[in-house]
Every structure is written in C-alpha cells, then in structure tokens.
Amino acid sequence: RKSSLRADDTFESINELGSLELMSRDLGLAAYGPLKKSISADSLSSISSIGNNFGQDFTVGQVEVSLAYDARAATLHVSLLQGKDLLEKEDARFESCFLRVSLLPAEQIVGISRVQRGSCAVAFSERFSVPLEPAALGETGLRFSAFGIDEDERSVSTGAAELRLCDLDLASRPFAAWLYLQDTTKAVDTVGEILLSLSYLPTAERLTVVVVKARNLVWTHGKGTAADPFVKVYLLQDGRKISKKKTAVKRDDTNPVFNEAMIFSVPAIVLQDLSLRVTVAECGEDGHADNTGHVLIGPAASGMGTTHWNQMLATLRKPVSMWHPLRRN
C-alpha cells in the first residue's frame with residue numbers, strides 16, 4: 001500500500017531542517033538577505049481551493065532535448081533526442097512533421113530537424129552547435145517549434161516550448177528534460193512571473209520550496225500599485241490539499257522579494273503523486289485576500305511546471321530555480 005501524507009506534516013515535525021544559509025548560497029540569493037522559513041497557513045479547507053483544471057495548458061506533444069555549454073569554445077550544443085504525440089491525433093491533415101530551434105529574443109533559427117513521417121513516436125537524434133558568448137547566457141532563450149506538413153506540402157505551426165538559459169545553470173551542468181509543447185494559437189493570460197526553487201532530500205524525505213521573488217505583477221480589478229502581495233503554496237496529493245504555507249505580506253510592491261523557504265515532509269514513495277500549486281494573492285483592506293495568479297508544478301502540470309519538477313528529481317539534493325509565468329485565476 002502506498003503511504004499517505006498527513007495534514008500535520010509540517011517542517012516543525014522534522015528533526016533536521018538542513019542549512020538555509022547553505023541553500024541560499026547555492027541559489028545565489030545573498031543579495032536578497034537571509035533565507036527565512038515560511039509559516040504554516042491557517043486552514044486546509046479554506047475556500048481558496050484547488051480546481052482539477054488549475055495549471056493545465058493546451059499541450060500538443062512532447063519533445064526530449066538536452067543542452068550543454070562549452071565555455072572554452074563559447075558554444076551551446078542543442079540536441080533533439082525524441083518526440084511523441086507531436087501533432088494532434090485527431091488532425092489527419094498532417095502525415096509528417098519537423099522541429100525548428102530558434103534563439104530568443106532575436107528569433108534566429110539555429111537548427112531544423114529532418115522531416116519525420118508520423119508523429120506519435122519520433123527519434124530525432126540530431127545536434128546543433130550555436131556560437132554563444134558566456135555573457136549572453138543570462139539574456140538568451142530557446143524556442144522549440146513543431147510543424148506539421150499538410151497534403152499541399154505546406155508547413156503549419158502546431159506547438160512550441162521555450163526555455164530561458166538563465167534558468168538552467170548551464171555553466172555548471174548540462175540540462176536534459178522532456179518539454180511539453182503548447183498550442184501557440186491558444187494564448188495564456190499571464191499576470192506576472194514568479195521565481196521558485198525546488199529541491200528534494202531523499203534521506204530526510206524533505207521537499208523544500210523557496211519562494212524567491214515575483215515581478216511585473218498585475219493586480220486584480222484594475223488596481224494600480226496599491227496592493228500588498230503574498231504567496232501561498234499548496235502541496236497536493238492526487239488533487240487533494242495536504243499542506244499549505246504562506247509567505248509574509250510585502251507592502252505595495254509589484255516586484256516583491258520574499259526569499260522564504262517552505263519545507264514539507266514528503267515520503268519518496270508518494271513523490272510522483274504530488275504537485276504544488278503556487279498562488280500569488282493580494283491582501284485587501286478588509287482582511288480578505290484576492291488571488292492574482294497561480295502556477296502548477298509537478299507531474300499533474302505541463303510545460304515548465306513539469307520540466308521544473310523533473311529537473312528537481314534528476315538532480316536530487318541540489319536546488320533548481322526557474323521562473324514561471326503566473327496564470328490569471
């Protein structure tokens with residue numbers, strides 16, 4: 001029988017919390033002050049609740065990629081490994097497909113794969129080398145775009161995924177992950193971004209979520225800048241709220257720095273059944289909180305939410321930080 005988490009599994013019940021100072025140094029968070037521990041939130045049965053469709057994107061396939069950076073040669077190596085379900089199965093117009101890799105923000109095309117028949121299971125096994133100076137790693141991104149070829153041999157865009165190189169720490173280690181392609185015709189309404197760090201320590205069965213900061217927040221109800229944001233983090237198991245923690249409130253700040261660690265006791269046996277829902281909220285004058293936007297992270301998510309979770313599992317004991325767009329609630 002698979003074990004279950006308990007609602008009272010909070011960081012107070014863990015004997016050894018580890019060094020927040022060391023984690024702060026690993027993440028490069030010294031500029032934001034000392035890393036703090038968050039507080040447990042009041043109630044798991046609050047109405048702020050979690051719907052089954054939170055965080056779901058319009059996914060139209062997956063592609064496995066790997067990235068490695070050669071600092072001596074100032075070259076980024078991009079490998080397309082394989083893909084699956086790259087075209088919508090019910091769309092019979094496309095009998096073949098290919099992938100295009102572009103360098104952002106200039107949209108410079110750096111690689112185009114060979115045309116592949118079918119799309120359910122595709123082996124690319126192709127590598128592209130991109131000249132890139134070390135200083136450009138923090139300002140550059142990659143877009144992986146899938147195209148279907150119709151009966152008139154026209155190329156039709158079917159989905160895309162993006163990675164920001166500054167999120168991946170390529171100077172220290174290579175990156176490999178499955179990326180979820182999103183339907184680019186179905187725009188997602190975003191209300192800002194949030195920087196999160198995840199790490200899992202298997203020996204202590206401890207999941208640590210660091211809410212670092214948010215930027216470019218858009219307030220609800222057309223407010224100006226007069227809002228007081230804070231962040232709530234829900235731990236979900238099979239869609240159920242197991243634990244909830246929240247940060248301190250930051251007064252009148254659309255680019256707040258939280259730098260707070262949330263520590264959850266998580267048995268390894270249930271790790272693949274868990275997800276995190278991170279919600280940015282505004283503290284109103286009447287004491288009530290209005291939810292601004294959210295992001296879902298874990299196996300139940302898609303896009304960067306799944307990529308971040310998988311990267312955490314691939315680098316156990318090491319914190320992995322990524323920016324996530326906040327979807328409007």
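Biologist: In which element does Q311 lie?

Modeller: This is a predicted model, in which local features need pLDDT of at least 70 and side-chain atom pairs count only at pLDDT 80 or more, while totals for chains, interfaces and linings use all residues. Residues are numbered from 1 along each chain as its sequence is written, and side-chain values use heavy atoms, with hydrogens and water left out. Helices (H or I, at least four residues) and strands (E, at least two) are DSSP runs, numbered from the N terminus. On that basis, Q311 lies within residues 304-314, which form helix α2.

Biologist: Is Q311 buried or exposed?

Modeller: Buried means under 20% relative accessible area, exposed over 50%, and partly exposed in between (1.4 Å probe, protein chains only). Contact means heavy atoms within 4.5 Å. Not counting residues up to four places away in sequence, Q311 touches P174, F175, A176, V320 and M322. Because its relative accessibility is 6%, Q311 counts as buried.

Biologist: How many of the 11 residues of α2 are buried?

Modeller: The buried residues of α2 include H308, W309, Q311 and M312. Others among them are M304, G305, T306 and T307. The helix α2 is therefore largely enclosed by the rest of the structure, its buried residues numbering 8 of the 11.

Biologist: What is the distance, centre to centre, in the aromatic pair of F98 and F147?

Modeller: Rings of Phe, Tyr and Trp (its six-membered ring) pair if their centres lie within 6.5 Å; planes under 30 degrees apart count as stacked, over 60 as edge-to-face and the rest as tilted. A search of the whole structure finds 1 such pair. F98 and F147 are stacked, with 10 degrees between the planes and a centre to centre distance of 5.2 Å.

Biologist: How many residues apart are F98 and F147?

Modeller: F98 counts as buried because its relative accessibility is 11%, and F147 is buried because its relative accessible area is 11%. F98 is in strand β5 (residues 96-104) and F147 in strand β9 (residues 141-149). The pair links distant parts of the chain, and its members are apart by 49 residues.

Biologist: Over which ring does the charged end of R215 sit?

Modeller: A charge sits over a ring if NZ of Lys or CZ of Arg is within 6 Å of the ring centre and within 35 degrees of the ring normal. K84 lies over the face of W178, at 4.6 Å from the ring centre. The charged end of R215 is 3.7 Å from the centre of the ring over which it sits, that of W323.

Biologist: Which peptide bond to P105 is cis?

Modeller: Most residues other than glycine have a negative phi, and most peptide bonds are trans. P105 is placed in the loop between β5 and β6 (108-112). With omega near 10 degrees, the cis bond is the one to P105 from L104.

Biologist: What is the phi of N259?

Modeller: N259 is placed in strand β16 (residues 257-265). At 0% relative accessibility, N259 counts as buried. Its phi is positive in a residue other than glycine, with a value near 55 degrees.
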